[in-house]
Amino acid sequence: MQRPSPWLKALAIITATLVSVICLYPYYWMLVSSFRTTQAILSSPLRPWPEQLSLDVLREIATVGGTPLWRYALNSVLITSASTLIGILVTALGAYALVRRPKFWLFRCLRAGFMVTIMYPYMLLVIPVYIVMYKIGLLGGYSGIILFLALGPIQFFLFEQFFQTIPRSIIEAALIDGASEAQILFSVVLPLAMPVVATASIITFLLNWAQWLPVLVVSRSPDTYTLPVALLNLNGELGVNFQGIMALSVLTTIPVTLFFLVAQRRVMSGMTAGAVKG
Amino acid sequence: MNAATAHGPPRPLLPDRMPPVGIFWLFVLPFAALTAVFGVWPIILSIQTSFTASATALKPNPTWVGLANYVSIFADPVFVASLWRTLLYTFLAVVSTITLALLYALLLHSALVGRGRTFFKLAIFLPVVTPDIAGYVVWRWLYDQSFGALNMALAALHLPTFGGLASTSTVLQAVLIAELWHHVGFYVVIFLANLALCDKGQMEAADIDGAGAWQKFWHVVLPQLRPALLVNSVYALIQYLKTFTVVAVMTKGGPNDATNFLSYYAYQLFDQGRYGEATAMASVLFAIVIVLAAALMRLQRTRPAG
């Protein structure tokens, strides 16, 4: 192999650095702006550091649209955690059954139904889901939001793909030993699946944290809104509280950003694997 | 249940003695319930609603109007314009996403970048897991004419200012840039995963044969990237056809309908209680997604193996 020239190397690194700056600058601007008064940003939007480091803005956004900020934050944590937990449990079991009995016609119908669901334009699925929830009385509560968010494509593909790689000999051996299917699931398959469970949980958490339209449509009042929905509302209000918008953006972004940085390898490889299957 | 297990020969992957479906029913039940209630039922309901009069859509006995909603939406110039706009935007977005992601993945994969690779990968992927609302809110204000850091920076560099979201001639580019920022990292990482699986021996053989960089790319690398190309184009296609959040946050379909994409227009009609027309539009968009995705997969399958 010929050795790449140092010029080419420098050019490559400069390009990649530029791209990274474009990717990261919005975060930096958001963070700096959240410490600056709206007036100050108007006069010099590009100032690279804030005039003062005070958390006064938190008092300004202590209530958004008449509901306290802590309520939105709590809703975010509650709805995201619950939908992740339920989603992982339900999807893992479902995918396992579909992999173990792939030829059974009803299971094939179910898989086809799921595929059609994830192909359907998600934002427009929310419309008929609203009508369904209206019919079965799930509108306005937490349970409707949580159950709707529990279903998602990436976790399903991750589990399906993983279960397909479990060698048949392992399951066969357990069957010959007289183990029941429940025993096989809990003492053979589940221990093997723990890394996938972890990956799928983290990814589902990140994706569900960002969800907003289902939350907005199923809710009947801001009492069940999450942080992204509160941010959307604040952004749509008349009389722009620019600093408040930036501060709320930071609050919405920071938890998932830290979470991602800690688990980055898992998240990136998991999302790739989940997608490549689809 | 025993009849069910007799279906078809057992898959080679599975034990030969297939125990009854039995307990698998139990495993599958919650998943089936969620898929039915939040997937299949709403989709059927949506298709059904598209054949009924909006005013009666939520009542137990809706009035059937046949294809009237479909006739009405295709007679609506706003819808037809929105349909073409959505297709055009999707085409531009898919092509630019795939091209940029491929080029950047090749750059990060090459020996040129070295140890900074992990950081560059993180930087491009971080926006993917950032809540889209927060990302688009920040971009909306970066573009803003009075707050805007962007135009200030352009002016400082003596470059012409960017109309951003305010002008019909630049708003599509502005929306596309924000969407690329949010999405492209996902596609980069998929290409990188595929590149990592590429056969190094073929590259070396091409080197020995004295192939140029372009020849190597075209004849050695690109054929091996077919799986990622297929997955990425299908994903990008589905994703951009339903472009919604960026519009809801940044433009509300404007200025002058310039970003009024299909999803957003349908959602507005839904908000006004025009359920029949909204669901008819949803069906049209769904049909487009299915047809284009199927065509892409077919195209990839019939092309001779590289």
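Contacts in chain A first. Of those with a separation of 6 or more, 76% join residues 24 or more positions apart. Contact here means that the C-beta atoms of two residues, placed from the backbone, lie within 7 Å.

A word on the source. This is a predicted model: local features need pLDDT of at least 70, side-chain atom pairs count only at pLDDT 80 or more, and totals for chains, interfaces and linings use all residues. Residues are numbered from 1 along each chain as its sequence is written, while chains are lettered from A and ligands numbered from 1 in the order in which they are written.

Next, the build of chain A. It has 14 helices and 2 strands. Those are DSSP runs, numbered from the N terminus: helices are H or I, at least four residues, and strands are E, at least two. Of the 278 residues, 44% are buried, that is, 20 or more other C-beta atoms, placed from the backbone, lie within 10 Å of the residue's own.

Now the overall dimensions. Along the principal axes, the C-alpha atoms of chain A fill a box of roughly 75 × 70 × 30 Å.

On to the interface. How many residues of chain A are in contact with chain B? The count is 85, against 88 residues of chain B. Helix α1 of chain A, residues 6-33, gives the most to chain A's side, with 13 residues. That side divides into 64 nonpolar, 14 polar and 7 charged residues. Nonpolar covers Ala, Val, Leu, Ile, Met, Phe, Trp, Tyr, Cys and Pro; charged covers Asp, Glu, Lys and Arg; the others, Gly among them, are polar.

Key
A residue is buried if 20 or more other C-beta atoms lie within 10 Å of its own, exposed if 12 or fewer, and partly exposed in between; C-beta atoms are placed from the backbone.
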